[in-house]
Amino acid sequence: MGHRLQRPPAADGGSRGRPAVPPRRARGFRPGRSLWLPGMKLKKQVTVCGAAIFCVAVFSLYLMLDRVQHDPARHQHGGNFPRSQISVLQNRIEQLEQLLEENHEIISHIKDSVLELTAHAEGPPLLLPYHTPNGSWVLPPEARPSFFSISPQDCQFALGSKGHKTELQMLAVYSLLPFDNQDGGVWKQGFDITYEPHEWDDEPLQVFVVPHSHNDPGWIKTFDKYYYDQTQHILNSMVLKMQEDPRRRFIWSEISFFSKWWDNISSQKRAAVRRLVGNGQLEMVTGGWVMPDEANSHYFAMIDQLIEGHQWLEKNIGVTPRSGWAVDPFGLSPTMPYLLKRANLTSMLIQRVHYAIKKHFAATQNLEFMWRQTWDPDSSTDIFCHMMPFYSYDVPHTCGPDPKICCQFDFKRLPGGRINCPWKVPPRAITDANVAERAQLLLDQYRKKSKLYRSKVLLVPLGDDFRYDKPQEWDAQFLNYQRLFDFLNARPGLHVQAQFGTLSDYFDALYKRTGIVPGMRPPGFPVLSGDFFSYADREDHYWTGYYTSRPFYKSLDRVLESHLRGAEILYSLALSHARHAGMDSRYPLADYALLTLPRGSAPHAPRPRLLHSLMNLKRVIINAAHYLVLGDKDAYHYDPAAPFLGTDETRLNQDSLPEKTVIKVDEVPRFVVVFNPLEQERLGVVSLLVDAPRVRVLTEDGQPLAMQLSAHWTSATDMMPNVYQVSVPARVPALGLAVLQLSRAFEGHATLTASTHLHLHGRDLPVRKHDALPLRVLPIAASDFCLETQHLRACFAGPTGLLQSVRRAGEEQDQRLSSEFFIYGTRTSKDKSGAYLFLPDGGAKPYAPKDPPIVRVTEGPFFSEVASYYQHVQQVVRLYNVPGVEGLSLEVSCLVDIRDHVNKELALRFSTDIESEDTFFTDLNGFQIQPRRYLKKLPLQANFYPMPAMAYIQDKRSRLTLHTAQALGVSSLSSGQLEVILDRRLVQDDNRGLGQGLKDNKRTWSRFRLLLERRTTANKPSGFLSKLASVFRDLAAPGTSAGSQEVQDSRPTSFPSLLSHATSMHLNAEVLVMPVAQEKTALPALRSFLPLASTVPCDFHILNLRTLQAEDDSLPSAEAALILHRKGFDCGLEAKNLGFNCTTSQGKLVLGSLFQGLELGSLQPTSLTLMYPLGTASANNTVIHLEPMEIATFRLRFG
């Protein structure tokens, strides 16, 4: 069943025993016509000739070096060169490097010229893929050349030669600790703390008690219910009670709640709040819209909610947060400290860290440290971090090591209240009669806690979830504590100063004691790098289940994020173009309000709200696209009742999977607008559903496109009647819109029909099919078979339909890459898996469905796929036969439905021959990669980690990356394996407060891409420069040029390749297809929209172009925030025949001329969330430089 697709004939020359193929003309080329058009300027010709001569010279040197490298005689004699000659060689190599950089720039200019010329060349007659006698599909050669031009300097970053070593590397800490969970006495997870009574005689203890209330924006109740039941009362009481005594303090974190409350209070109350903030009584900590989860969230969302909160604070209260407060995320990611640092915060606090790490850091006084990014070459990412030492952030676990004593100082638990102390000793109100004894008891706890830290300044949080919701609690806590403080402070012999404080009061006092400026490193404090996953709060209770729990909503969340980004960017572009044309009065400015609604969808938002937000974002995209594709903007008319474009899909309700829109075709052309949300041009297969089998697809200017016709299946054996899938390879401009035409066709048009084989495995099932589509039904199981495209060959097991092996084009051997489903159970003991915890009953067992699968194999010119239908999961593996990103990896989709399971978890495991041993790599928030080790000393569940975007395994020869379109839990439990948990159904609560199991499972699609890459010899820039470097290294130190793979694997950093980054982007930002709604003839002319005038370097990502609010919240201002990320990448993976354009520029980007048809009025670099200017606003200085991995925000205004 070989689905073979030859390479273009020019390259293949009829090899591999196939008949030579007659040459066909490529698009853009005409007989007797040079590539360079007659009107080409002399300057371009000179550039080309000069570059050609330079390339010949460089190539000659390359060959010469190649011979030197492979000369055995030279290697035998070693590098016996005089040192003087070596230094001369070194100088020459440095000069060559400089020449190469100049050459790189010349080639970039040539590339732009060639692309510009080929893009505007007239189109030739349509060339169709065709079948060869042996059943292969052959594609015509690509018309446009593709360039892969990476500046050698840009490869240096991933080699990490400049990285600073940190005292605390978390990967090393994990290897070191025994994780033995010994009983520590009153501090169960710690140890006994002792002190000498006179330790504070010279330097008194300074104690800051920080009242707080953690408000989840939706958890057991919805956001609105929490607000009405509790949050509004907390904030109303706060305003009253704080004004009663200027010594009182309070901190607040979640701006989503605060802004809702602000909208409902009087101007007098608002003025009182501003006074409390101004005099330091009330502090806004972190200042994000929510306190985000740090395991599953994507860095786009983390930044977005931070900007939302900070912009709100700046506009309404005029305050900029200084300190971060993260008491409730279940494990902590280094992405957050990076973002806080770039937002200009100076300090932060964290709480939920594995108890064994807390104990270790407490014993070594390392609970406070500078947190640095693993990839940081200096210390520019350092932020001061305080780790809380005990089990929880509630009052019993914050005053000191003994919860039985600390609980007696939680005055909400006074006898007669609704909650009490589990340790059976209640609090007592503070009176003159007992204050001496009570204060001494509390001071003992404060002193013991302070022994775990390096300074004599102590932080004591005082609060819990939704605390201070009644005036009585404010009185009980503040009055009793004030009596204790007054007693302690009046006795100099105790050497203590205790007071209420905010978080920044504590940090400021610490900085003052250590004699440094806020944000600098206190002398003697350690530097730490790495992350704090995975989290266990006690015993072997690892919070690794929630990495996958409710995957339906994790997937919907990512779709919503992608739409939000797309809507922000397209709205900003449409609005700017409308303003430029003087049309803004006719543009629906009110769409701006729809962009702010999704942010009301906090992490646990009610589900209908998520869907409502998604539909609103589609509306914003449709309205923007409508304006931008009109050839004549004067014809623009916005009618909210009748949108110009339809949506790509519909969802019946918030729990259902999307249904693609079926387009009705007629003799009169129907137009379709395709939106590419990526900043790179995209060549991919666009699939549409239509109601007729004979269809023509044309470009906007009437050029016919080759297309594949396939069935649309409603089940394993049923084709949907009167619905057909049409797939065309289409090129969509970066961040732009392409226009396609569809119409009914006559017989004999360029339709290429996919063929399908259906293997029923002996099951007697009715099959519903169309006459228009060839279908072969085979009652027995298939033997093993392979599908092949120009890039990849994938082989499958006939009986299961599951993947077995892969071979990349140009390679001799298949590489094992098999997939299999497994099932985890849960324990029989009292502690079982639940929404948060993963507590399996041992290793996974192979999934054993009661019936064999139905396997459906579809083969066509542009994609081929294998669909395997099991009882609880349907897997589709698809190979795209197009040049570029989409054709270089396998698309794997799983439709999971485990609603009839009890206490089971479904896993998908990939097995390879890659010798990865105990090392694997997972991403953190889609922003950076963290190396992981499988630790045998830890239980199975401890070795699972979050995978928001990708995970990979590698050895000296190859790397396999699993890209994901939704956050899930992942591990590598043995060498050569990657395993992902797809869904979990658990009937019991896991005793972490949720009070419910996971029984609301939905039918859920999980989407992945599998990318297999070959390593170049050692991790160095491939080709010319690496030869130079290795020759020189051989001269200087013979015998030291062995592959540096071992070094690579022990490094705390790793990076995806540029191809891997692009693959992730394609998977997470799909094209949106919008049919023109009117089915009538008199349509205005539609034109593709190309927003960018030049190519963005392929290591740059435009995270967002976000229009900023005007004074009226619901309207846009004239300014936008442009957020850019320059990605770190690994050059040590082969980049041959990639088929897409990719150039890097050493971090340089010219923004002044980036946007076509728009002038940049002013550009100002700012802090991440726009609260601090980092330079002056200017219209002239628009060339920016970004270091690898850095994210930068610019405030821009179009002229």
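This is a predicted model: local features need pLDDT of at least 70, side-chain atom pairs count only at pLDDT 80 or more; totals for chains, interfaces and linings use all residues.
Me: Which residue in β52 is the bridge partner of Ile 1123?
Reply: Thr 1193 is the partner of Ile 1123. Residues are numbered from 1 along each chain as its sequence is written, and side-chain values use heavy atoms, with hydrogens and water left out.

Me: How many bridges join β47 and β52?
Reply: Two strands count as paired if DSSP finds at least two bridges between them. Strands (E, at least two residues) and helices (H or I, at least four) are DSSP runs, numbered from the N terminus. Here β47 (1116–1126) and β52 (1191–1198) pair antiparallel over seven bridges.

Me: What is the strand order in the open sheet?
Reply: The order is β46-β47-β52-β50, with antiparallel pairing. β46 (1100–1109) and β50 (1160–1166) are the edge strands, each pairing on one side only. From one strand to the next, the twist averages 25°.

Me: Which strands does helix α10 lie across?
Reply: For angles, axes are lines fitted to C-alpha atoms, for helices over the stretch in contact, and the angle runs from 0 to 180 degrees between N-to-C directions. Contact means heavy atoms within 4.5 Å. Helix α10 (299–316) lies across β46, β47 and β52, at about 25° to β46.

Me: At what angle do α8 and α10 pack?
Reply: About 35°, with the axes of α8 (255–262) and α10 lying 10 Å apart. Among the contact residues are Phe 258 and Trp 262 of α8, plus Trp 312 and Leu 313 of α10.
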